Amino acid sequence: MKRILYLLPFLLILCFSACEIIDSDDILTPITADTTTYNDQRIILLEEYTGNMCPNCPDAAVEVEKLMKMYPNRIAVIAIHSGVFAMPIPSRGYTADFRTPVGDSLTKYYGVSAYPNGVINRALTNGNHLHGYGEWESIIGGLVADTTPADANITVKVTPNADDSSYNVTVNTVTKQYGNLKLCVYVTEDNLVCQQANGTEIITDYNHDHVLRCSLNGTWGETIGNSSEKTYNLPVAGTGWNTDNLNIVAFIYDEANKKVLQTKQVKCPAL
């Protein structure tokens, strides 16, 4: 007990000598942390060029499904029907026409002349944009570990309008600026059944998924900044589209080289 009493004055002296009054000019301004959440898991965009009369295109579709199972929720697919293999020939049973102005424009831009073919993130790989389906696995496998250079985050909200004749589509983007960025918002449809060539055979009830239907903001989209909110109207009345099977595919790309930095795909609610 006496030892504690002897130590107490000494401890009090240490406490007071350790305290120092800081001049107001020397007080540091608190640093505000960046609390923005970035979605750095990169979603890969595969644009598949195909057509109903293309005999090898079903093999490419099988490859797409395999890759989507290998990398769940990491690949968004847009199937672009274009060129001579997508032209309807009713006399031969090819009555479906899935061609679009957007798809035709992209086909011309990338010089697609052989089918099936694919463009991955609209990026050059080994000096080429176009790659046969035999190359897709190796290219995509090399990208799944990447994070987006722009640390981009995309959120998409789709809500039916009151009369159930259209949707409101709101796309929010947040990026750490990386050059001049643009946003594209496309619509795709799954489960479209029609006749399809398959090698030397013909499948009368072939099921097509990821079919490009339209763009909500043009072929090449619109410019965005570090943070943006874009709202679009998607009319569906009279289109013949099945609203149970519609998807929105939104992606951000660098205007300088067209390279896609981040993609988001969401399913539209049924009307």
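Modeller: A residue is buried when its relative accessible area is under 20%, exposed when over 50%, and partly exposed in between, with a 1.4 Å probe and protein chains only. The model is predicted, so local features need pLDDT of at least 70 and side-chain atom pairs count only at pLDDT 80 or more, whereas totals for chains, interfaces and linings use all residues. Residues are numbered from 1 along each chain as its sequence is written, and side-chain values use heavy atoms, with hydrogens and water left out.

The position I take is C194. C194 has a relative accessibility of 8% and therefore counts as buried. C194 belongs to strand β8, residues 192-198; strands (E, at least two residues) and helices (H or I, at least four) are DSSP runs numbered from the N terminus. Setting aside residues up to four places away in sequence, C194 touches N52, A96 and F98, and also I203, T204, D205, Y206 and H208; contact is taken as heavy atoms within 4.5 Å. H208 sits 14 residues from C194 along the chain, and the C-alpha atoms of the two are separated by 7.9 Å.

Now the chain as a whole. The chain contains four helices and 14 strands. Of its 271 residues, 45% are buried. Among contacts with a separation of 6 or more, 70% are between residues 24 or more positions apart.

I224 is in strand β11, residues 222-224, and counts as buried at 6% relative accessibility. Its contacts, leaving aside neighbours within four places in sequence, are T173, L181, K182, L183, K230 and I252. Between I224 and K182 there are 42 residues of chain separation, with a C-alpha distance of 5.5 Å. V144 lies in a loop, the one between α4 and β5, and is buried with a relative accessible area of 16%. With neighbours within four places again left aside, V144 is in contact with I44, Y71 and R74. The C-alpha atoms of V144 and Q41 are 8.2 Å apart, although 103 residues separate them in the chain.

Next, the nonpolar cores. A nonpolar core is a set of buried Ala, Val, Leu, Ile, Met, Phe, Trp, Tyr and Cys residues joined through side-chain atoms within 4.5 Å. The largest one has 26 residues, and V156, V169, V171, L216, L234 and I248 have the most contacts inside it. At least two residues of this core come from each of β5 (153-160), β6 (166-174), β7 (181-189), β12 (227-235), β13 (246-254) and β14 (260-267). L216 touches V169, V185, V187, Y232, N233, L234 and I248, residues up to four places away in sequence not being counted.

The peptide bond joining Y115 and P116 is cis, with omega of about -5 degrees. P116 is located in the loop between α3 (101-110) and β3 (117-120).

As for helix packing, α2 (residues 57-70) and α4 (residues 133-141) have axes that come within 9 Å and cross at roughly 15 degrees. Axes here are lines fitted to C-alpha atoms, for helices over the stretch in contact, with angles from 0 to 180 degrees between N-to-C directions. On the α2 side the contact is made by D59, A60, E63, V64, K66, L67 and M70, and on the α4 side by Y133, W136, E137 and I140. Seven of the contact residues are nonpolar, none polar and four charged; Ala, Val, Leu, Ile, Met, Phe, Trp, Tyr, Cys and Pro count as nonpolar, Asp, Glu, Lys and Arg as charged, and the others, Gly among them, as polar.

Two asparagines remain. N73 is not a glycine, yet its phi is positive, about 65 degrees. N73 lies in the loop between α2 and β2 (75-81) and counts as exposed at 71% relative accessibility. N126, likewise no glycine, has a positive phi of about 55 degrees. The loop that holds N126 runs between β3 and β4 (130-131), and N126 is exposed with a relative accessible area of 72%. C194, where this started, counts as buried at 8%.
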